[in-house]
Amino acid sequence: MSTETHGGRDPTDDLEGSRRGRDVRRWLAQASAFTGRSIQEVRNSWLMLGWVIAFPAIMYLFFVAQGTEGPATADAITSIGIGVMGALFVCLYLFGDQLAGDLEDRRYAAYRSMPLSPAADLAGRMAAGLVLAVAAFAATILAGAATGAEYGLRGPESIPIVAVAGLLTCVFWMVVAIPIVLAADNERVAEWLTSMVAVGAFVLTGFNGALAELSPIEGEVLNYLPNTLPTRLLVYHLVPAENWAELGAAPPAMPTGLEFVALLAGYAILALAVGTALLNRYGYDRGWWP
């Protein structure tokens, strides 16, 4: 017997579509709830909120106050390197701190009894971390502009490249915090480790690759590391300069092609898969994959 209606549509298709619609709405509601909770938790501590957002801008102003002489484009490069460090600090320290707190307070014991999606949990936390990371980076760039640093877009394509590079970088580094938190198994130790990773990456790679001449790491590798690659992409697209060697940003040559954005996308996709698996396995105790 045919199940088609007079309109030629199978009723089971309507039911399946309705079910998928409810699943999508429920997933979005869960992700939104985790985003709101994460932001509210930071807003409850004005000291932490001010610290994570203003810290890189204050660090840049301290650098400028030392009276280093150089062109305005050099100051812009320095501010971008410090701004990326501030964004990574938010991604590692703040994202990791909230996750460690939930694990230590055994909130996941309650989450496991609820029909929550680990992917929605991760996406919601990441959305909150992204908002705060952008705020920290923007505050540093504003501090740079206020003290005379010179910025300028390389071209119209610079806007989407900068936006996508920033998004992919934040996604990658928030996932990096997950195995650190799980390995530490202690909120205070996790705070210390995530902070050390952010600061260590900044110092060892010459302001996250912005000032390559200060890095003990030489050669093309600075165009491939997950902290230096996005920083150098942002420098190239936000600073109106041509002689990068004179400014201390080269060698190596600046990453300019879309293949470098594609590489960042690859890092982020791999990180998302690993992050979802870890949260599913160790947070929700549901195996390695949803």
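This report walks through the overall build of the chain, then its aromatic rings and charges.

## Ground rules

What you see is a predicted model, so local features need pLDDT of at least 70 and side-chain atom pairs count only at pLDDT 80 or more, while totals for chains, interfaces and linings use all residues. Residues are numbered from 1 along each chain as its sequence is written, and side-chain values use heavy atoms, with hydrogens and water left out.

## The overall build

The protein chain has nine helices and zero strands. Here, helices (H or I, at least four residues) and strands (E, at least two) are DSSP runs, numbered from the N terminus. Along its principal axes, the C-alpha trace spans about 80 × 45 × 35 Å.

Of the 290 residues, 47% count as buried. Buried means under 20% relative accessible area, exposed means over 50%, and partly exposed is in between (1.4 Å probe, protein chains only). Now for contacts, meaning heavy atoms within 4.5 Å: among those with a separation of 6 or more, 76% come from residues 24 or more positions apart.

## Rings that pair up

The structure holds 13 aromatic pairs. Rings of Phe, Tyr and Trp (its six-membered ring) pair if their centres lie within 6.5 Å; planes under 30 degrees apart count as stacked, over 60 as edge-to-face and the rest as tilted. One of the pairs is Phe 63 with Phe 207, edge-to-face at 6.1 Å centre to centre and with 70 degrees between the planes. This pair links distant parts of the chain, 144 residues apart: Phe 63 belongs to helix α2 (residues 46-65), and Phe 207 to the loop between α7 (187-204) and α8 (228-238). Why does Phe 207 count as buried? Because its relative accessibility is 15%.

Phe 172 and Trp 173 have ring centres 5.3 Å apart and planes at 80 degrees, so they make an edge-to-face pair. Both Phe 172 and Trp 173 are buried. Elsewhere, Phe 34, Tyr 108, Tyr 111 and Tyr 284 form one aromatic cluster.

## Charges

Which ring does Arg 154 lie over? Take a look at Tyr 236: Arg 154 lies over its face, at 4.3 Å from the ring centre. Arg 281 has its charged end over the ring of Tyr 282, 5.1 Å from the centre. The cut-offs ask for NZ of Lys or CZ of Arg within 6 Å of the ring centre and within 35 degrees of the ring normal.
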